[in-house]
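Welcome to this short briefing. Please have a look at the sequence and the 3D structure below, and then we will walk through some of the features together.

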Amino acid sequence: MNAPMNFEKGTPAGQDRERLVVIGNGMAGCRAVEEILARDPERFAVTIFGAEPRVNYNRIMLSPVLAGEKTFEEIVINGQEWYDENGITLVSGDKVESIDREHKRVIAASGRVEPYDRLLIATGSDPFIIPVPGKDLGGVVTFRDLDDVDKMLEAAGKGGPNGEQGRAVVIGGGLLGLEAAHGLSLRGMKVTVIHLMPTLMERQLDEAAGWLLKTELERRGQTVLTGANTKEIVGRDGMVAGVRLEDGTELPADIVVMAVGIRPATVLAREAGVEVERGIMVDDHMVTSDPAILAVGECVQHRGMCYGLVAPLWDMCRALADFVTEAPSGYQGSVTSTKLKVSGIDVFSAGDFSGGEGCEDIVMRDASRGVYKRVIVKESKVIGAVLYGDTADGSWYFDLMKKGEDVSDIREALIFGQAFASGGALADPNAAVAALSDDAEICGCNGVSKATVVKTILAGACSLDAVRGSCKASASCGSCTGLVESLLAVTLGGDVQSGPRTMCKCTSFTHDDVRRLIVEKRLKVIPEVMQELHWTTPDGCASCRPALNYYLLCAWPGEYEDDQKSRFVNERMHANIQKDGTYSVVPRMWGGLTNPRELRAIADVVEKFNAPMVKVTGGQRLDIFGIKKEDLPAVWADLNAAGMVSGHAYGKSLRTVKTCVGSEWCRFGTQDSTGLGVKIERMTWGSWMPHKFKIAVSGCPRNCAEATIKDFGVVCVDSGYELHVGGNGGIKVRATDLLGKVATEEEALEVCAAFIQLYREEAHYLERTAPWIERVGLQYVKDRLAEEGAVQRYAARFRYSQQFMQDDPWARRAAGEHDKLHQHLAEFRPFPGSQMENA
Amino acid sequence: MIGNWLDIGPVTQIEPGTARTLPVIGGPGAETREIAVFHTMRNEFFALLNRCPHKQGPLSQGIVHGDVVTCPLHNWNISLRSGKALGDDEGCVPTIPLKVDAGRIYLLRSAVIGEGAPAEAA
């Protein structure tokens with residue numbers, strides 16, 4: 001090989017060359033030069049300025065360097081010899097400070113002045129620094145270049161104070177943040193990731209996949225805090241000591257990595273008067289508003305888009321090179337996909353996965369393998385995909401998407417992947433199942449083969465449910481439900497019977513199945529239920545979300561955190577919505593008793609908030625109508641001040657205990673029905689139920705409290721207390737059934753608690769006691785409670801659950817909890833004088 | 001461009017899976033109305049008139065799933081994208097063009113004020 005030519009000394013040809021100056025020695029700048037050289041090596045005399053004091057390297061490989069999987073040398077793209085061989089002048093470690101467009105030259109920090117004929121801006125992007133106190137402390141780093149990696153490695157090497165494990169806090173749960181967290185974790189640090197949004201990598205992943213990722217990272221020892229807002233970085237002696245969150249949590253830290261996002265680096269261009277919006281504006285040939293200046297990479301904005309991925313960058317560089325070598329092709333924008341390994345977990349996303357009008361989600365979940373796949377189809381074309389755990393088919397979906405291929409022929413098998421869907425006849429799932437061998441395993445959970453399932457079907461199991469009951473196939477996680485349904489169809493043709501109603505269209509399981517599996521599999525949050533039970537929608541529907549929220553609340557008292565967004569409006573707002581969008585408020589009056597202080601407070605609220613109506617309810621309470629959602633916390637504060645708590649007139653919960661005056665006043669009264677009613681209400685208030693639950697206590701068989709049309713009714717008699725259940729005064733009137741008779745108040749209370757808990761644990765969501773008892777039979781309820789010690793066990797479980805429930809939600813709201821639910825975003829007054837119009 | 005878009009604050013003020021409201025106080029010839037701004041669990045933002053086409057229920061108070069909200073009054077499902085009632089129900093609620101830029105939510109000013117409203121007097 002000839003000795004490298006040194007351009008600075010000048011070559012004969014070099015004299016006539018156009019001078020191309022490149023600002024930015026990164027991936028885009030160098031790739032653009034490579035592309036130009038490949039087309040016309042003689043055209044330009046090239047000078048590249050780089051702020052970093054080193055040659056061009058692959059920035060996206062910094063993560064493996066941090067993780068110790070690669071060395072810096074291994075990620076160098078172009079070594080010094082590349083610059084030498086191609087006669088490129090590399091000015092590294094000298095930042096360009098300004099562009100002088102008038103004289104066509106750039107001025108660097110060192111004072112170096114470089115004239116150009118063509119200028120290429122490839123300044124990339126800057127990490128976004130959130131403006132919190134302490135952001136400038138020592139030990140607060142970004143994750144952008146090798147210097148950052150060196151700082152992180154230094155921190156990891158040093159460890160924590162007193163020889164403890166070093167602690168790192170990574171702000172930002174996007175791709176970059178998670179890679180930093182992974183690397184630091186491998187380097188022996190204890191890592192906490194804090195992320196503002198509720199889902200990790202929300203730009204690339206939907207809620208379901210983000211939840212899986214979080215769970216897996218936590219399993220591997222990282223702490224992941226989502227929905228966490230950084231308030232301040234705390235320092236000691238100029239060095240970082242910890243991070244304080246908005247909610248007051250303080251996390252100790254020896255290093256803080258800020259990885260919340262990137263911004264196109266546009267300062268140079270903006271100061272030079274080149275047109276800039278979010279990024280430097282370029283046309284399809286990467287030319288800026290100044291024809292002598294080109295721009296490429298993360299710093300540009302093309303057709304409204306700014307890109308932060310590598311693939312679009314390569315496309316831009318090709319278009320740029322075509323243009324400057326006078327064979328313009330034009331860049332059309334890029335469709336991007338993300339395929340990556342986070343901490344060894346495969347994740348893929350591409351296109352539009354936000355769903356929408358005319359979009360159809362095809363979801364497949366395989367809990368045993370930790371796989372979630374979702375393909376979004378619109379007008380018979382794939383428009384997006386999210387894959388977690390198994391990304392083998394990512395490129396195939398991406399290809400279908402880019403080509404806009406019609407997938408209607410392979411629609412049924414699409415989600416199973418290329419091998420399956422492209423298999424001609426196999427694209428029909430029934431045919432595919434028919435083609436399976438007899439010993440092929442259908443249900444992995446219970447080890448059931450195809451032959452066994454077919455035998456079960458032929459023996460008379462004509463529905464999915466019957467198959468589940470007979471041979472257990474598809475009875476555990478449900479991921480093979482489709483296969484079993486296909487086997488039913490193949491084996492029986494049109495004779496397949498539909499099973500009992502499933503919970504909703506999002507699942508193949510019934511309410512009973514879901515309740516059983518939540519307990520069996522110890523499922524504790526909604527996304528986990530949806531993943532483990534193979535929900536066919538990404539985030540459920542308005543039917544299943546509230547049901548799951550209740551089932552989890554009931555199964556894991558004290559542990560489960562209520563999901564407000566899965567609550568019906570009334571339960572979310574703790575008041576009853578009316579047809580005009582205002583609310584009605586019913587304070588609790590124990591057993592229907594009240595006093596002057598409470599009545600005054602109610603009267604004051606009515607006047608203060610201009611409530612247009614107050615009404616006595618059927619459950620012996622006062623209902624205040626016409627309260628605006630913004631006023632609710634203030635109304636509650638006033639009612640709380642008079643000693644009143646939420647009446648839960650709005651909930652699938654204990655509503656009221658209605659009483660008559662009983663033996664204390666009534667000449668017919670046999671027992672203290674009022675006193676017992678108050679005791680029952682004190683015991684049961686605040687409990688969430690499958691549906692609303694009403695109680696009454698009558699002091700004698702004249703039954704003035706109408707106890708025999710309540711969910712639980714007590715009728716006092718001389719010898720004790722008759723306990724009635726399953727009554728309803730609604731659309732379909734149903735008188736109660738007699739559950740039994742007890743001698744003492746204590747027994748009445750105990751049986752009441754036990755009956756409620758049995759109903760709470762076994763009824764379907766939105767099933768009142770009346771239809772529940774008609775469904776399971778009174779005898780079943782009696783039998784369950786007649787088992788040895790059953791009443792005590794159920795009652796104990798009810799009381800345990802109640803200790804977490806009897807916390808007045810009004811008081812919490814009045815103190816500011818979930819205040820956003822009650823506040824407008826803002827108020828907009830676009831019209832002059834509109835204030836007066838409204839006054 | 002900024003003039004056409006109304007900045008209504010940062011994205012973080014609306015939790016995913018919920019909506020919040022923006023009252024637009026009326027003036028001569030324009031009635032006061034309310035806009036519901038939704039943040040879905042898939043991290044998309046939508047703005048609609050806070051009024052179900054069925055019986056004017058406040059859509060902002062409904063359960064959000066996918067890009068659909070279920071009206072709290074009578075369970076109509078309304079597409080957040082188009083404002084159209086889904087399933088067998090028929091009706092449509094006006095949508096307001098929305099964009100998110102650098103972590104802030106912008107609504108198209110003219111749509112916020114509503115058609116038929118007088119042009120802004122100087």
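Does A:D513 count as buried or exposed? A:D513 counts as buried, at 11% relative accessibility. Please keep in mind that what you are looking at is a predicted model.

- Side chains of opposite charge can pair when their charged atoms come close.
- Over all chains, the structure holds 61 salt bridges.
- A:D513 takes part in one of them, its side chain meeting that of A:R516 at 3.4 Å, N to O.
- Both A:D513 and A:R516 belong to helix α16 (residues 511–520) of chain A, where they sit three residues apart, about one turn of the helix.
- Another salt bridge joins the side chains of A:R318 and A:D315, at 2.5 Å from N to O.
- A:R318 and A:D315 are also three residues apart, about one turn of the helix, and both lie in α9 (residues 310–324) of chain A.
- Both partners count as partly exposed: A:R318 has a relative accessibility of 34%, and A:D315 has 27%.
- A:E216 pairs with A:R220 in a salt bridge whose closest N and O atoms are 2.8 Å apart.
- Here A:E216 is buried, with a relative accessible area of 17%, whereas A:R220 is partly exposed at 39%.

**Where chain B meets chain A**

- The contact draws on 52 residues from chain B and 47 residues from chain A.
- About 4100 Å² of area is buried between the two chains, and carbon and sulfur atoms give 60% of that area.
- There are 12 residue pairs in polar contact between chain B and chain A, counting pairs with both residues at pLDDT 80 or more.
- On the side of chain B that touches chain A, the elements giving two or more residues are β1 (5–10), β2 (18–24), β3 (33–39), β5 (63–65) and α1 (109–113) of chain B.
- β2(B) gives the most to that side, with six residues.
- Four salt bridges are counted between chain B and chain A.
- One salt bridge brings together the side chains of A:D539 and B:R42, at 3.8 Å from N to O.
- A:D539 and B:R42 also belong to a network of salt bridges that links them with A:D206, A:D361 and A:R374.

**A helix with a buried side**

- Helix α26 of chain A (residues 790–805) has 16 residues and reaches 22 Å from its first C-alpha to its last, close to the 22 Å expected at 1.5 Å a residue.
- Its buried residues are A:A790, A:V791, A:Y794, A:A795, A:F798, A:S801, A:Q802 and A:M805.
- Why do these residues share a side of α26(A)? They cover an arc of only 125° around the axis, so they are on the same side of the helix.
- These buried residues pack against four helices of chain A, namely α18 (544–555), α22 (673–684), α23 (745–762) and α25 (778–786).

**Two histidines with positive phi**

- A:H574 has a positive phi of about 55°, although it is not a glycine.
- You can find A:H574 in the loop between α19 (569–573) and β30 (576–577) of chain A, and it is buried, with a relative accessible area of 6%.
- A:H648 has a positive phi too, near 50°, and it is a residue other than glycine.
- The loop between α21 (632–641) and β34 (654–659) of chain A holds A:H648, which counts as buried at 2% relative accessibility.

- A:A272 is in the loop between α8 (267–271) and β20 (280–282) of chain A, and it is buried, with a relative accessible area of 16%.
- Leaving aside its neighbours within four places in sequence, A:A272 is in contact with A:I99 and A:R101.
- A:A272 and A:L766 are 494 residues apart along the chain, and their C-alpha atoms are separated by 66 Å.
- A:L458 is in helix α13 (residues 450–458) of chain A, and it is exposed, with a relative accessible area of 61%.
- From A:L458 to A:Y550 is 39 Å in space, C-alpha to C-alpha, and the two are 92 residues apart in sequence.

Technical notes:
Residues are numbered from 1 along each chain as its sequence is written. Chains are lettered from A and ligands numbered from 1 in the order in which they are written. This is a predicted model: local features need pLDDT of at least 70, side-chain atom pairs count only at pLDDT 80 or more; totals for chains, interfaces and linings use all residues. Side-chain values use heavy atoms; hydrogens and water are left out. The expected span of a helix is 1.5 Å times one less than its number of residues. Buried means under 20% relative accessible area, exposed over 50%, partly exposed in between (1.4 Å probe, protein chains only). The arc is that of the directions from the helix axis to the C-beta atoms. Contact means heavy atoms within 4.5 Å. Buried area is the accessible area (1.4 Å probe) that two parts lose on being put together, summed over both. A polar contact is a pair of N or O atoms within 3.5 Å; within protein, one must be able to donate a hydrogen and the other to accept it, and residues adjacent in sequence count only if both atoms are side-chain atoms.
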